[in-house]
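The sequence and model come first.

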Amino acid sequence: MSHPHGSLRAGITALKQERYLEAINLLESFCYCCSIQERQESLSRRLSERNGSRADPEECVLARVALIMAYQGSGDLERSTALCQELLEEKETPESAPWAREWAAQALPTLKQASEHSMPPEEVMARLPVLRQLEDCQPLCSSRDPAPHLLKSGSL
């Protein structure tokens with residue numbers, strides 16, 4: 001199965017440009033491919049290595065964090081909060097990213113407060129912790145992006 005690295009880059013671009021529904025579609029697709037990859041690896045490590053399309057586990061986690069932000073930006077605080085909680089409660093593995101857990105620990109109180117006080121999505125986005133990995137992914141993802149046509153016009 002080919003992995004849509006382009007959907008991660010395009011999803012992050014859409015998120016930064018506040019095109020939240022587009023970002024959600026792209027990031028959900030990427031996360032789905034990550035989950036399939038995880039299942040394949042548990043069945044046969046050779047299969048995923050042979051096809052050469054493995055996603056970096058860091059990219060899979062980054063996509064989930066970006067998805068939390070996209071859900072929130074679209075006004076879907078329930079899904080945003082649930083995914084953030086899930087990320088925070090995940091057991092640590094060698095592939096887990098400590099930065100993601102730290103981000104989730106900082107973001108969750110903001111998301112819960114937003115839910116309790118009916119804050120507008122723009123205000124919540126401004127209060128979420130800054131994520132350096134979103135900036136770092138752009139050059140990394142673009143260097144092997146097989147689908148640059150997924151990006152709409154607009155500079156970052």
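Contact here means that heavy atoms lie within 4.5 Å. The model is predicted.

## Helices α4 and α5

Helix α4 covers residues 57-73 and helix α5 covers residues 77-89. Their axes come within 7 Å and cross at roughly 155 degrees. Angles over 145 degrees count as roughly antiparallel, and α4 and α5 are therefore roughly antiparallel to each other. The crossing of the two helices is left-handed.

On the α4 side, the contact is made by V61, R64, V65, L67, I68, Y71 and Q72. On the α5 side, L77, R79, S80, L83, C84, E86 and L87 take part. By residue class, the contact of α4 with α5 holds nine nonpolar, two polar and three charged residues.

## Helices α4 and α6

Helix α6, residues 98-117, also packs with α4, at an angle of about 10 degrees and with the axes 11 Å apart. Angles under 35 degrees count as roughly parallel, so α4 and α6 are roughly parallel to each other.

From α4, the residues in this contact are E58, V61, L62, V65, I68, M69 and Q72. From α6, they are W99, A100, W103 and L111. The contact of α4 with α6 divides into nine nonpolar residues, one polar and one charged.

## K112 in helix α6

K112 is a residue of helix α6.

With neighbours within four places in sequence left aside, K112 is in contact with T81 and Q85. The C-alpha atoms of K112 and S80 are separated by 9.8 Å, with the two residues 32 apart along the chain. S80 is also one of the α5 residues in the contact with α4.

## Q133 in helix α8

Q133 belongs to helix α8, which spans residues 132-142. Buried means under 20% relative accessible area, so Q133, at 14% relative accessibility, counts as buried.

Not counting residues up to four places away in sequence, Q133 touches L62 and W99. L62 of α4 and W99 of α6 are both among the residues that make the contact between those helices. Q133 and W99 are 34 residues apart in sequence, and their C-alpha atoms are 9.0 Å apart in space.

Definitions and conventions
Residues numbered from 1 in each chain as written. Predicted model: local features only at pLDDT ≥ 70, side-chain atom pairs only at ≥ 80, totals over all residues. Heavy atoms only, no water. Axes fitted to C-alpha atoms, helices over the stretch in contact; angles between N-to-C directions. Helix = DSSP H or I, 4+ residues; strand = E, 2+ residues; numbered from the N terminus. Parallel < 35°, antiparallel > 145°, perpendicular 65-115°, else oblique. Left-handed = near helix turned anticlockwise from the far one by under 90°. Nonpolar A, V, L, I, M, F, W, Y, C, P; charged D, E, K, R; others polar. Buried < 20%, exposed > 50% of the residue type's maximum accessible area, 1.4 Å probe, protein only.
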